[in-house]
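Colleague: Please take a close look at the ligand site in this model. I would like the surroundings of the ligand set out, and then the rest of the chain as context.

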Amino acid sequence: MSSFADLGLSTPLLRSLAAEGYAAPTPIQAKAIPHVLAGRDLFGCAQTGTGKTAAFALPLIERMQATTRPRAPRRCRALVLAPTRELAGQIHASFRAYGRHAGLSCVAVYGGVSQRPQADALMRGVDVLVATPGRLLDLVNQRLADLRSVEFLVLDEADRMLDMGFIHDVRRIVAMLPRERQTLFFSATLPAEVRQLADSMLRDPLEVKAAPQATPAETVAQSVFHVAKSGKRAALVSLLRAEPMGRVIVFTRTKHGADKLQRDLAKAGIDAAAIHGNKSQNQRDRAMAAFKAPRPPVLVATDIAARGIDVDDVSHVVNFELPHEPETYIHRIGRTGRAGRSGEAVSLCDPEERPRLRAIERLLRQPITPRNAPPAGMEPDAETPADDAGDRDRERGRAGRRGGRGRRPR
Ligand code: AMP
């Protein structure tokens, strides 16, 4: 299959895709679209960047066009569940872009903004409703949304739903839907609980693995600095100064940590913006606009907020703290090295975090290269045990190379 037309998509969609500049389907699109068009359930193992959104949006738009129905108040024909408002916003934008010649209506509902305009938009009924689970349940409980006419269900980023504690909400929502429906299920990783959820929702699904364009391990150069917890801030500042970097995302585990780090970087004279769940939509939009601009600030983000970052040319991902879930590390570093570009992921690991590092290395099935010495100009913090990194080298049976990369501060 080499073109969208070969996959069975009709002219209005082909026109939209040409306008988007999509020349050919991505592998997951080529595999999934014909089967979804034929009405089959789908179990897709795919992460952001594979084109999974179009893999479900295109055939659903096509199917809805082919069987138009009058809209019923507060009801929708297709329901797309997404874990974050950023992702819901992106999916909504994709449906609008792909469906611009299809005459379908699409509404997104998510928390953190006033409910009223969303309820008004639903009032006359819509074709596609994109929703985060919590806000959708609020609307349903107030009888402002009615799920009894759903013909198509998409669950996107199921693993994130689980991580974020939405699993009960998702189950509650699914229980309200007609049994006779087509369900498309996507997850980047497949822990047992995700499998169970999929089994409970899908009927004889086609399983599609998005052979990721390239695994992060292939396009992202990964390395780790071993530093004491108290030395992390200084290490980060030196790192940011020592290497010429384009777009940098620094991950922290907590919202509070993100704010604090952003302030510390600012104090060190490094332009930084923070994005996390406690920021207003307006603040996030501003941070994202700045990050997309030619001279972007360093973006300090929590995992959840970062799900919505849709920027292809991130040059560096820095893990200021290692995540508890090794899968999260993969999500994080997948923010760089996209669309055929190379990327770099650097982790700062303190002694307490070493078990997490090992879990990540197990998942990757490869060790992450330790950087034996800080870049020139980054003196180890007074509290950093001097042979922290040396221990690790011995652990790996390698000789420590002091002074290795010879970078100089700018
Ligand atoms: P997704 O994995 O759905 O988040 O999509 C990742 C990015 O790829 C988005 O910016 C899409 O607009 C883009 N994209 C999706 N499908 C194609 C395609 N067939 N050709 C070019 N770009 C695409």
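**The ligand site and its setting**

Modeller: Around the ligand stand Phe4, Tyr22, Ala24, Pro25, Thr26, Gln29, Thr48, Gly49, Thr50, Gly51, Lys52 and Thr53, where a residue is near a molecule if one of its heavy atoms lies within 4 Å of it. The model is predicted, with local features needing pLDDT of at least 70 and side-chain atom pairs counting only at pLDDT 80 or more, while totals for chains, interfaces and linings use all residues. Residues are numbered from 1 along each chain as its sequence is written, and side-chain values use heavy atoms, with hydrogens and water left out.

By class, this shell holds four nonpolar, seven polar and one charged residues. Here Ala, Val, Leu, Ile, Met, Phe, Trp, Tyr, Cys and Pro count as nonpolar, Asp, Glu, Lys and Arg as charged, and the others, Gly among them, as polar.

Polar contacts are pairs of N or O atoms within 3.5 Å; within protein, one must be able to donate a hydrogen and the other to accept it, and residues adjacent in sequence count only if both atoms are side-chain atoms. The side chain of tyrosine 22 has an N or O atom 2.4 Å from a ligand oxygen. A ligand nitrogen is 2.7 Å from a polar side-chain atom of glutamine 29. With glycine 51, a polar backbone atom lies 2.7 Å from an oxygen atom of the ligand. Taken alone the ligand exposes 500 Å², and the protein buries 74% of that; accessible areas come from the Shrake-Rupley method with a 1.4 Å probe, and for residues only the protein chains shown count as cover.

Histidine 35 lies in helix α2 (residues 27–37); helices (H or I, at least four residues) and strands (E, at least two) are DSSP runs, numbered from the N terminus. Histidine 35 has a relative accessible area of 33%, so it is partly exposed, on a scale where buried means under 20%, exposed over 50%, and partly exposed in between (1.4 Å probe, protein chains only). Beyond its neighbours within four places in sequence, histidine 35 is in contact (heavy atoms within 4.5 Å) with Arg40, Gln182 and Leu206. The C-alpha atoms of histidine 35 and leucine 206 are 7.7 Å apart, although 171 residues separate them along the chain.

Gln182 is also touched by glutamate 151, as are Arg69, Arg77 and Arg181, not counting residues up to four places away in sequence. Glutamate 151 sits in the loop between α6 (133–141) and β5 (152–155). Its relative accessible area is 18%, and it is therefore buried. Its side chain makes a polar contact of 2.7 Å with the side chain of arginine 77.

Leaving aside neighbours within four places in sequence, phenylalanine 56 is in contact with Val80, Ile91, Phe95, Val154, Asp156, Leu184 and Phe186.

Overall, the chain has 17 helices and 14 strands, and buried residues make up 54% of its 410 residues.
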